[in-house]
Amino acid sequence: MDTFSFIKDKNLYSVAEKVFSGERLSFEDGLRLFESNDLTAIGILASHVNEKKNGDKVYFNVNVHITPTNICVGTCKFCAFRKNKGDEGAYELSIDRILEKMRNMNLSGVTEVHIVGGLHPEWGFDYYLEMVKKIKEEFPDIQIKAFTAEEIKHIAERGGKSVEDTLISLKEVGLASMPGGGGEIFDEEIRKRLCPDKISGDEYLEIHKTAHRLGIKTNATMLFGHVETFAHRVDHLIRLREAQDETGGFQAFIPLAFHPVNTEIEGADYTTGVDEIKTLAVSRLMLDNFYHIKAYWIMLGEKISQMSLFYGVDDLDGTVVEEEITQAAGARAGEYMPKSRLIRLIKEAGKTPVERDSLYNVIKVY
């Protein structure tokens, strides 16, 4: 066991043997990792896997966020963002207003617009198509990453169409990729407690797999730190891994740290640094068929995100600009980071900053 002298927790020896031999980790391995406090060893293992996939590269992009509405028919208990129509603070943006907002942003160097919002009870299928089409027409060089699986289902139902036909129509007018929001935790009992009206974990995966089959790349997420157990997290990761085995269409996995302010989860608190770092590292180890693990600095803060680069993370998301959903739940990290700051965070960690577009095409190596 001299080879594993860096491991203090003997329960991790068998996991380390699998990692260094390139063997896939099991459910039990995932539990051992989450239950261990040997963060140094977990970090070394995750870094080993990441370096084999990505070397010393750390990716980021120059992006902006547009949130068309906070009016939503959903009832997710963890959401501090949604409003009912007529509530104080409720808003809805016309397509002209969305275009105006983008014109008023500094879009120099921006390669992606990220669009996610509430499930508006009145907007029809054509509204969403027109939104994507108009943005693409006016800003042809900006890739459109838009609509969670939940939104795709909503748009399809509004138009009386299948998910597949909806995705085909959106792709035809400019949709380039999809974000991973709405994954939460796949376990049905947990989902009933968190978001009883939301699509199931199986539906989430099927919508993403349908997108993959149509050539639309997507991301995947997991919301952690609320009422779930470590076993629920491992189950979530394995189900994502199985879906990726089928299609290969997931680009990045983003563990999202739960934010408790203004939510309906009783007794919930902010996640801790150890849990955040560990979850990122374990995700890297379990998801052997995902190329990228992203630390979403909006939720984690820039310091934890920077430290995560030693724990298997190879992507820091982007400049963001005008993020609203996490802010409503008590985000502490702000909603904009200059490109120069992202580059500094990466270089200080001894890594190579790589600017990318939505589809991980390299724009510039710094």
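Start with the hairpin. Strand 10 and strand 11 form it, with five residues between them. Look at the turn: tyrosine 360 sits there with a positive phi of about 65°. This is a predicted model, by the way, so please hear every number as computed from that model.

Back to the two strands. Strand 10 covers residues 352–356 and strand 11 covers residues 362–365. They pair in the antiparallel sense, over three bridges. For a landmark, take valine 354, which stands opposite valine 365 in strand 11.

Now, which strand does strand 10 meet in parallel? That is strand 1, residues 57–61, joined to strand 10 by four bridges. Here valine 354 turns up again, as the bridge partner of tyrosine 59.

The order is 9-1-10-11, and the pairing is mixed. Its edges are strand 9, at 315–318, and strand 11, each pairing on one side only. Between neighbouring strands of this sheet the average turn is 25°, with direction ignored.

A quick reminder on strands. Within a sheet they pair through backbone hydrogen bonds, either parallel or antiparallel.

How many strands form it, and in what order? Seven, in an open sheet ordered 2-3-4-5-6-7-8, with parallel pairing. The edge strands are strand 2 (63–66) and strand 8 (292–293), and each pairs on one side only.

Go inside that sheet, to strand 6. Seven of its eight residues are buried, so call strand 6 mostly covered. Strand 6 spans residues 217–224, and six bridges join it to strand 7, residues 250–257, running parallel. Leucine 223 has leucine 256 of strand 7 as its bridge partner. Phenylalanine 224 has alanine 257, again in strand 7. How does the chain get from strand 6 to strand 7? Through helix 10, residues 230–247, in a right-handed β-α-β crossover.

On the strand 5 side, two bridges join strand 5 to strand 6, and these also run parallel. There, methionine 178 stands opposite threonine 218 in strand 6.

Helix 5 lies across strand 3 (112–115), strand 4 (143–146) and strand 5 (175–178). Relative to strand 4, helix 5 runs at about 155°.

On to helix packing. Take helix 7, residues 163–173, and helix 9, residues 201–213. They pack at an angle of about 45°, with their axes 10 Å apart. Helix 7 and helix 9 are therefore oblique to each other. Their crossing is right-handed. Which residues meet? Val163, Glu164 and Leu167 from helix 7, and Ile207, Thr210 and Ala211 from helix 9.

Stay in helix 7 for threonine 166. Is threonine 166 buried or exposed? It counts as buried, because its relative accessibility is 0%. Leaving aside neighbours within four places in sequence, threonine 166 is in contact with Phe125, Ile152, Ile155, Ala156 and Lys161. For isoleucine 155, eleven residues apart from threonine 166 along the chain, the C-alpha separation is 7.4 Å.

Methionine 337 lies between helix 14 (325–328) and helix 15 (339–348). Its relative accessible area is 3%, so methionine 337 is buried. What does methionine 337 touch? Trp297, Glu302, Thr319, Leu342 and Leu345, not counting residues up to four places away in sequence.

Last stop, helix 1, residues 13–21. Its buried residues are Tyr13, Val15, Ala16, Lys18 and Val19. Those buried residues pack against helix 2 (27–35), helix 3 (39–54) and helix 11 (273–286). Just after helix 1 comes glycine 22, with a positive phi of about 75°.

Notes:
Residues are numbered from 1 along each chain as its sequence is written. This is a predicted model: local features need pLDDT of at least 70, side-chain atom pairs count only at pLDDT 80 or more; totals for chains, interfaces and linings use all residues. Side-chain values use heavy atoms; hydrogens and water are left out. Two strands pair if DSSP finds at least two bridges between them. Contact means heavy atoms within 4.5 Å. Axes are lines fitted to C-alpha atoms, for helices over the stretch in contact, and angles run from 0 to 180 degrees between N-to-C directions. Buried means under 20% relative accessible area, exposed over 50%, partly exposed in between (1.4 Å probe, protein chains only). A crossover is right-handed if, with the strands pointing away from the viewer, the path from the first strand over the helix to the second runs clockwise. Angles under 35 degrees count as roughly parallel, over 145 as roughly antiparallel, 65 to 115 as roughly perpendicular and the rest as oblique. A crossing is left-handed if the near helix is turned anticlockwise from the far one by less than a right angle, and right-handed if clockwise.
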